Structures are given as C-alpha cells and as structure tokens.
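Colleague: I have the file open. Can you take me through it, piece by piece?

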Amino acid sequence: MKTSNSFEEKSVALLYYVFAFILLWEWLRPLNAFTDTGNTFIFVFFIGVSFLMTFFHTKWYITFPVKIFIIMFMLHGLYFEGVFFSFIWISDLIRDIGFNFSLIPSADWMGMTSNFRTLLFFILLWLLVYLIHYWILYQKRILFFFVLTLVYITVLDTFTPYDATYAIVRIVLIGFFMLGLLYFDRLKKLENLKVKRITSLRWIMPLFAFIVFSMILAILAPKASPQWPDPVPFITAVGQEDEGGGDTKRIGYSPNDESLGGSFVSDDTEVFRHTSTDRHYWRVETKDVYTGKGWQASDPEAVQEEISSIPDELSWFDDRVETKSLESSITINQDYRYLHVIYPLGLTSVQTEAGLSLFLNRNSEMISPFQDDEGSREDFLSYDVTYDLPLYPLNEMKKVRTFEDVPEGFKERYTQLPESLPERVRELAESITESKDNQFDKAKAIEDYLGSAEYTYDKEEIPVPGSEQDYVDQFLFETFKGYCDNFSTSMIVLLRAVDIPARWVKGYTEGEFVSTAENSEREYVVTNNNAHSWVEIYFDGVGWVPFEPTKGFVNPYTLTNDYRDVTETEDKEEPEEVLEEEKESEQTPEKPEEVEEEETASATNNSGLNMGDFRLGSMSLYTLLIVGALLIFIVYRTRMKWLPGLIIMKYKNRSDDDVFFQAYESLLKQYERRGIKRKEGQTLREYARYIDESFQMVHMTALTKNYEKALYRQDNAKDEWRKSVELWENLIKRTSS
C-alpha cells in the first residue's frame, strides 16, 4: 500500500513539474517576437534539465556542477571562439564579468555586455525553478505565478506583435487545473485524510472536465461589442508623421523643430548600420536660432551647394587639436525616408558606391547626395567615410578667451536668445556659473546642474508649452522632467545667457552592438530609437566641442591634455607618452559590448519626434527581473530570522476566541519550515515531545496541553491564550535561533 501511495505521489509531482515547466516556457516563447533574443531553445533546455533534477531529488553537489557546465557551454557557444575544453576563453569571461560588475555601482545597466546579461538570465531561470518547486511542493500554491504569467502574456499580446491567443488558452487550462489539484492536496494535509486512488480520480476528472467545458463555452459564446473605444491603437499609433495632431508622436528624426515638447512612443525601425572602431555620435544637422518654442535655422533659405571635398569651414576644430584618423562603412535602410548623409564629427571625405556628388547646406551643415532631395534611394544605400576623431585638450579649454579671432557676427549668432526669455532663466544661469572663471568650468557647472537629482529623464506625459510659456523655462522651473531635447536646449539657453557660444546638434547615437568584424571593427545597428540631440560649445583656439547634458547619457568624446603648439612642425615626433598610449590602445582593442539603446524625439505640429530616450531595452528588463529575483531569494532564505517577529506582532495582542488556534497553527508551520515536520499519524502530544527533545526543553509539551484544553473546552479559549501567550512567544522566538 505504501508503494502504491508513493507511486501516486510521484506521479502527481511529475504532473506538477510538467505543468510548471510549460508555464515557465510561456515566459520564453515571446522573446523572439519582441526582443533580439534568437536562441530561446537554450533557456528552455536549461529549465527542462533543472526541473528534471529537482523532480529526482538530485543532490546539490551533482545539480550545481551540471547546471554550471550547461551555462558555461551555452555561453561559449554563443559568444566565444575556440575549443570549449581548452578553457582559454574562461579568462575572457572572468574579465568580462569583472567589467560588468564595475558598472553596477553607477547603475549603467545598458552598458553591460550581452554575454553577462545572458549569464544573469540563466541565474534568474535557476532561481525561478527553485521558487516554483518550493511554491508547488511545500506551499501547495501556484496562484501568484499563474496570475503573473497571465498578466505578462496578455500585456505582450496587447502591446507587441506577439500573438498570445493560444498561449492564453494553455495558461488558463493548466493554471486552473493546478489550482484545483493543489487545493485538493492542501485539503488532504489539513484534514490528515488518506484517500484512495479512485477518490483522487473522482476529484481530478470532474475538475478537468469542468475547466475544459468552461473554456469551450467561453470560446463559442457570443461576444458583446466593446463599450469603450480601444485605447491601444491610440497608444501605439498616435503621432506618426503622416497623421499629425496630438501631443504623442513616434520617435525618429524630423526636419521640423519649431515646436518642441510632448510625449512619444518608441520605434525600432532600422535607420542604418555602420562598422566602426570607436564610439561616437552621428550628425545630421545643426540649428542656431532658439525661438522660445523650438529651433530654426538662421538662414532658412540657404541653398545646397555642390562640393567636391569637405570644405575648410567644416573643420570643426583647430589644426592643433590631436586627432585619430578613422574610417567607417555605412549602409542606409532602403525604407529610411530622408536623403542626407549621416556622418561623424571630423568628417574628411565621403565615397559612395555610385560616385554621387555631394551638396552642402553651409548654414545647417547638412550634407545630401542629391540637390533638393531629388534622387533615388536605390542610388544611395551605402557609403564610406573617413574622419579625424578629436581628442579635446582640457588644459586649452580652461584658458580664458576673448573670441577675438572669430568671424564678424559669429558670437552674436551663437549667443542669440529671444527677447521673450523669462528673466529667471538668465538669473539661474548666472547663479550656476558665478563661482567659475573660465568657459569650460561654466559649461561643466551647467551640465552638472542639469544632471542633478532635481531633474528626471522621462518620455511620457511631457507637456507642450502653452502660447505664453517658454519651452526652457517650463522645463527648468515647472515640469523638471523631459528627454534629450529638453536637456540639450536648456543647456544651450543657459550657456548663451552667460555669453558662451553654443548650438543645437541633431543626429543619432552609436546604436546597438551587433557583431565584431575584422581589424577590431564592430558592427552597430541604429534605429529610430537612437535619434538624439546634444550640445556643441565653441572654444576659441579649440573649436566646436560636444557636451552631453541629457541624464543617463555619456559623452563619447575624449578629453586630454595634449595640444600642439602653433610653432610645432608637422613632422615633429609626437611625445613618447602619446605614442605609448596609442600603441597600448592598438594592442588592446575595446571589448565588444552592448551599447546603450538611446531614443530621441520632439513633438511637432504636423511631424514626428526627434528627441532622445534612454530606452530600457528588453534584456535590461530581464536584468531588473534578475535583481528582483535575487532580492526575493535573499528574503526567502532569511525568512526564519524576520518571520517570527511578524507572527508575534500578528497574534500577541489579540484576545478573541480564535487567536489561540490560529497562533498554535502558525507555530507548527514555523517548526515545519525549520525542518521539524510532523509525521503522518503522529499526535500533537507526540509531536510536541519530539520538538522538546530536539531543543532540550519542555515548553512545547506544556503549550500543547493548554491548546488541547482550549480545543476541547471552547468557552475557555481566551483564558488559556492569556496564560499561554508568553510561552507561545518564547517558542516562536526559538524557531529563529
């Protein structure tokens, strides 16, 4: 008989594990649809092996090495080259883990590499399997995980391309069936029932039939028409450029920046790909006239002039600034609607496959392969650029300058502000910079001010300024939240308020790392989510220097103390320190990593957005889930320390008729959690003596006698509790020792 019961228990446990595996699998199925994860099979295999070893009660000294081996084998196959058993790649993995841990104090989640995120995801799944095992086998409950799975799938079905129709059916069927079975198990344990197999079947079969019948009835029943308009199409589609209207737009580059503000929705549509060795931003155009509502060009009628080479006036920095000569290959998405060159700072040449001419708007610095955009996208799908990436001299920028060498009207052009600008904006700029004596320190003070805790990066519920409101004033003194357009425009206005020349630059961040090519080059994909705006400040004797005030973004350009003297000849040897640094950088290429996914957009009256968003990518969502799972695991592992205090607070001061029975039941559960489980058929007094023997005391037997008095003499339960509460409290406290 015992063998039969044991077989039945194992069969039910196996059924639970199979159902739990399917529920957890439902979390992995959608990853292919709304993330860049392409190998979900490895995660499914891992949780399958984990559930199997848990079912067979495999010892920890076997399960731990097996799971570690699987994780290492999968990581090697995905991200490392060479033979697995050579273990040479282990050193690279350890260095990579150390690098990613160094990003945690600064909360740079988006800077973490793909292999580290995958490692964390494996750990999350490991913990989830353990937690589900505990919920099912010990707590006999699955409601929380069932509801969480259902909410997760329905949200994805609503807001992503993933079709969860059949997934919802599977989850509901399995979830309700498990709820019924687990309730039956709790009932048997609570009442100490011994049921035959036929009795279990009499419970299971009607339960299964009822659930299936209910689902079929729900599918076939007539559906009432919606009583309210569906909000999802508005949320996901509002703001596309051809529709116009509204304050919510779709992210991406737009030539119209006359009215900034408003919220936006993300757009993963690819814009271009590039292979590069260094990280930097990609420019499209600049604007210099702030209107109080947005940006315009100072000469909107400027024509596009044909150029045979990059003109000298587009040399954005002084010849004495140290540079690195680099090359990049760009491939434009054929669906990208604009015909302009997307180029890096320091551009020296552009070579197209079709040998196209280039046309430059000198006012906005926009470069196009066709005059007035009259051309075919098919003729402009890829091109190569060469450029000199600057290493800006910090010591030179900190010198006090008078702008004597700039062209006439230059300073007035780049310090322009509207007469309507509120006076408190100018006063704020002066108060931020009053203790600084040079232009660089003033700029950094403003940049740091916008990066303070007072201002928040956000892309939702961002208002459009009213007719009498100034865009910058609204952000600085009223809303205190926004995206890159808010931060960059505010910094430029504050700079200009203290006579520092600055301009607004639009383009794209470097994008998301895809793969490593030859010669340490890395391939990146840039989407509409990477559209961005930033600040360039003019330093006399140095040139235009990019600054990054947007919270959560890091300026990719380098500051050094190297600066060539004007008398230095071109063939003069470079300082030995510089040569050593360059040699070291060549020998130690940067580690491929997942770069920050950044989004931008700006609301316009009849066009799309072009502002930045530090987008929390899909894998970062799972990084946060991993952190949450770790916290849950820590709380669970330390529950014997903090749970007794909560139980005492719950029952100690009560004096009703039921408190003794509930408190005693909680005490029994505590000892069960401690590992002292009541055996089948064991009476309360026998169990109490067993506990006293384990802890070398007599308190549990005494409390049990009082409990039995209260149980069999219901009218005396309050008095027995008053006499026993201190004894009960001491026993509860003993469970935490």
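**Working through the model**

Modeller: One thing to start with: helix α23 has a kink of about 50°, centred on serine 724. Keep in mind that this is a predicted model.

Colleague: What span should α23 have, and how far apart are its end C-alpha atoms?

Modeller: Helix α23 covers residues 717-734, which is 18 residues, and at 1.5 Å a residue it should span 26 Å. The end C-alpha atoms are 24 Å apart, which agrees.

Colleague: Which residues of α23 are buried?

Modeller: The buried residues are Ala717, Glu720, Trp721, Ser724, Val725, Leu727, Trp728, Glu729, Leu731 and Ile732. Serine 724, where the kink is centred, is one of them.

Colleague: And what do those buried residues pack against?

Modeller: Three helices: α19 (639-651), α20 (659-673) and α22 (699-712).

Colleague: What is it in contact with, apart from its sequence neighbours?

Modeller: Setting aside neighbours within four places in sequence, glutamate 720 is in contact with Phe660, Asn706, Lys709 and Ala710.

Colleague: Switching to salt bridges. How many are there in the whole structure?

Modeller: A search finds 28. One of them joins glutamate 536 and arginine 283, with the closest N and O atoms 2.3 Å apart.

Colleague: Where do glutamate 536 and arginine 283 sit?

Modeller: Glutamate 536 is in strand β19 (residues 531-539) and arginine 283 is in strand β4 (residues 282-287), so the bridge ties together parts that are 253 residues apart in sequence.

Colleague: Give me another bridge.

Modeller: Aspartate 288 and arginine 413 meet through their side chains at 2.4 Å, N to O. This pair also links distant parts of the chain: aspartate 288 is in the loop between β4 and β5 (289-290), arginine 413 is in helix α12 (residues 410-414), and they are 125 residues apart.

Colleague: How do aspartate 288 and arginine 413 count for accessibility?

Modeller: Aspartate 288 counts as buried at 2% relative accessibility. Arginine 413 is partly exposed, with a relative accessible area of 28%.

Colleague: Now the backbone. Which residue other than glycine has a positive phi near 60°?

Modeller: Phenylalanine 480, for one. That residue is in the loop between α15 and β15 (481-482) and counts as partly exposed at 25% relative accessibility. Histidine 57 also has a positive phi, near 55°.

Colleague: Where is histidine 57, then?

Modeller: In the loop between α3 (40-55) and α4. Histidine 57 counts as exposed, at 62% relative accessibility.

Colleague: Why does valine 66 count as partly exposed?

Modeller: Because its relative accessible area is 31%, and partly exposed runs between the buried limit of 20% and the exposed limit of 50%.

Colleague: Last topic, the totals. How many helices and strands?

Modeller: The protein chain has 23 helices and 23 strands. Of its 737 residues, 49% count as buried. The accessible surface is about 37,600 Å², with 55% of that belonging to carbon and sulfur atoms.

Colleague: And what share of contacts joins residues at least 24 apart?

Modeller: Among contacts between residues at least 6 apart in sequence, 75%.

Definitions and conventions
Residues are numbered from 1 along each chain as its sequence is written. This is a predicted model: local features need pLDDT of at least 70, side-chain atom pairs count only at pLDDT 80 or more; totals for chains, interfaces and linings use all residues. Side-chain values use heavy atoms; hydrogens and water are left out. Buried means under 20% relative accessible area, exposed over 50%, partly exposed in between (1.4 Å probe, protein chains only). Helices (H or I, at least four residues) and strands (E, at least two) are DSSP runs, numbered from the N terminus. The expected span of a helix is 1.5 Å times one less than its number of residues. The bend at a residue is the angle between axes fitted to the seven residues ending there and the seven starting there. Contact means heavy atoms within 4.5 Å. A salt bridge is a side-chain nitrogen of Lys or Arg within 4 Å of a carboxyl oxygen of Asp or Glu. Accessible areas come from the Shrake-Rupley method with a 1.4 Å probe; for residues, only the protein chains shown count as cover.
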